[in-house]
Amino acid sequence: MKQKADNLIAQNKKANHDYFIKDTLEAGIALTGTEIKSVRARRINLRDGYVQIINGSAFLENVHISEYKEGKRYNHDPLRSRRLLLHKREIARLAGIQAQQGMTIIPLKVYLKHGFAKVLIGVGRGKKQYDKRQTIKKRDQDREIHRKYGI
């Protein structure tokens, strides 16, 4: 899925470093009025976020959306749980994945699509420390080959 650069709001760059991403899925987010204004102002942080399935509903947890400066008393809690808008069969599939040992569901990107905020969630398995070192080593080798031979 290719996004325009201007529609991309936030990206979790740490996700590919910490997880082997096996599958991705697009979901809508249920936001309040001040939250969507903060998202459009790019005041969102996905770094420590994850998705949790509770009672047949998917929730985006630990994603920080800053308070809207002009919101005053109508502002939201920056770390509140936000419901993800998915079909029942997609939630059931994610619940089965979440039940597996070592699998986690994390937000990868937040972007606007036809005026609505969407989140790209990824299903991944956590990397061990030696996996992270191997990834860094391979990236450095590829960079060196590209620099040396211009491939």
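This report walks through the cores, the strand pairing and one loop glycine of the structure above.

The model is predicted, so local features need pLDDT of at least 70 and side-chain atom pairs count only at pLDDT 80 or more, while totals for chains, interfaces and linings use all residues. Residues are numbered from 1 along each chain as its sequence is written, and side-chain values use heavy atoms, leaving out hydrogens and water.

Let's start inside. A nonpolar core is a set of buried Ala, Val, Leu, Ile, Met, Phe, Trp, Tyr and Cys residues joined through side-chain atoms within 4.5 Å. Buried means under 20% relative accessible area, exposed over 50%, and partly exposed in between (1.4 Å probe, protein chains only). The largest nonpolar core has 28 residues, and among those touching the most other members are Ile44, Leu86 and Val110. Elements supplying at least two residues each include α3 (88–99) and β8 (103–113). There's also a second, separate core of five residues, including Ala15 and Ile106.

Leucine 86 deserves a look: beyond its neighbours within four places in sequence, its contacts (heavy atoms within 4.5 Å) include Leu25, Ala58 and Leu94.

Now the strands. Helices (H or I, at least four residues) and strands (E, at least two) are DSSP runs, numbered from the N terminus. Two strands pair if DSSP finds at least two bridges between them.

| Pair | Sense | Bridges |
|---|---|---|
| β2 and β9 | antiparallel | nine bridges |
| β2 and β7 | antiparallel | two bridges |

Threonine 24 sits opposite glycine 122 in β9, and isoleucine 29 has leucine 84 in β7 as its bridge partner.

Finally, glycine 56 is in the loop between β4 and β5. Glycine 56 counts as exposed because its relative accessible area is 52%.
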